[in-house]
Amino acid sequence: MGNDEGGDKKKRVVFVTVGTTCFDALVRAVDSNNVKQALFAKGYTHLLIQMGRGSYLPTKSEGNGSLAVDYFTFSSSIADQLRSASLVISHAGSGSIFETLRLGKPLIVVVNEDLMDNHQSELAEELADRKHLYCASPQTLLQTIVDMDLSSLFPYTPGDATPVAKHINNFLGFPDD
């Protein structure tokens, strides 16, 4: 699905998104020196963090022999950032997960363990079991990055809902098209 080693100096962006939530634990984790060094060692050159409603401000950096870091709070669309990313690190929201997978981007989903009824972790864990993405917590993100082999991930293929829709239409008495 992707190459996790970068021998050349072309721009390789890691895009981090927390959606509209506050997920300071994820932003702090990606802003840690160890995580930034691990990403740089994997050949990534830039880290762009969409930090949502969080109050923790990451440390900006121009790069110069290390990972360049920038951040923003919100955008009307993150489609451009997702398309230009070489790796996406995301909260466990289903919209962010499936939008990233449909684009064929390597993905690490970080589960917010502070949420009460964390049903989102079930989706992330199931997709990780199917080898479409990696699943981590803020505490395990560093080790996940160090251990990740993007070539072991399988592309996600959305299901076809046509047979289900036809069955429902037939049941309701609508004619076949």
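A residue counts as buried when its relative accessible area is under 20%, as exposed when it is over 50%, and as partly exposed in between (1.4 Å probe, protein chains only). Tyrosine 156, at 22% relative accessibility, is therefore partly exposed. Keep in mind that this is a predicted model, where local features need pLDDT of at least 70, side-chain atom pairs count only at pLDDT 80 or more, and totals for chains, interfaces and linings use all residues. Residues are numbered from 1 along each chain as its sequence is written, and side-chain values use heavy atoms, with hydrogens and water left out.

Let's start with the whole chain. Buried residues make up 44% of its 177 residues, and its C-alpha trace spans about 65 × 35 × 30 Å along the principal axes. You'll find seven helices and six strands; these are DSSP runs numbered from the N terminus (helices: H or I, at least four residues; strands: E, at least two).

Now look inside. A nonpolar core is a set of buried Ala, Val, Leu, Ile, Met, Phe, Trp, Tyr and Cys residues joined through side-chain atoms within 4.5 Å. The largest one here has 28 residues, and Leu26, Leu39 and Ile145 are among those with the most contacts inside it. Elements that give two or more residues to this core include β1 (13-17), α2 (33-41) and α6 (141-147), but α1 gives the most, with four residues. Follow leucine 39 for a moment: leaving out residues up to four places away in sequence, it touches Val14, Tyr44, Leu47, Leu67, Leu87 and Ile145, where a contact means heavy atoms within 4.5 Å. There's also a second, separate core of 17 residues, which includes Phe15, Leu82, Val111 and Leu127.

What about the rings? Rings of Phe, Tyr and Trp (its six-membered ring) pair if their centres lie within 6.5 Å; planes under 30 degrees apart count as stacked, over 60 as edge-to-face and the rest as tilted. That rule gives two aromatic pairs. Phenylalanine 15 and phenylalanine 72 have ring centres 6.3 Å apart and planes at 10°, so they are stacked. Because phenylalanine 15 lies in strand β1 and phenylalanine 72 in strand β3 (residues 68-72), this pair ties together parts that are 57 residues apart in sequence. Phenylalanine 15 is buried, at a relative accessible area of 0%, and phenylalanine 72 is buried too, at 17%. The other pair, phenylalanine 98 with tyrosine 156, is tilted, at 5.4 Å centre to centre and 45° between the planes.
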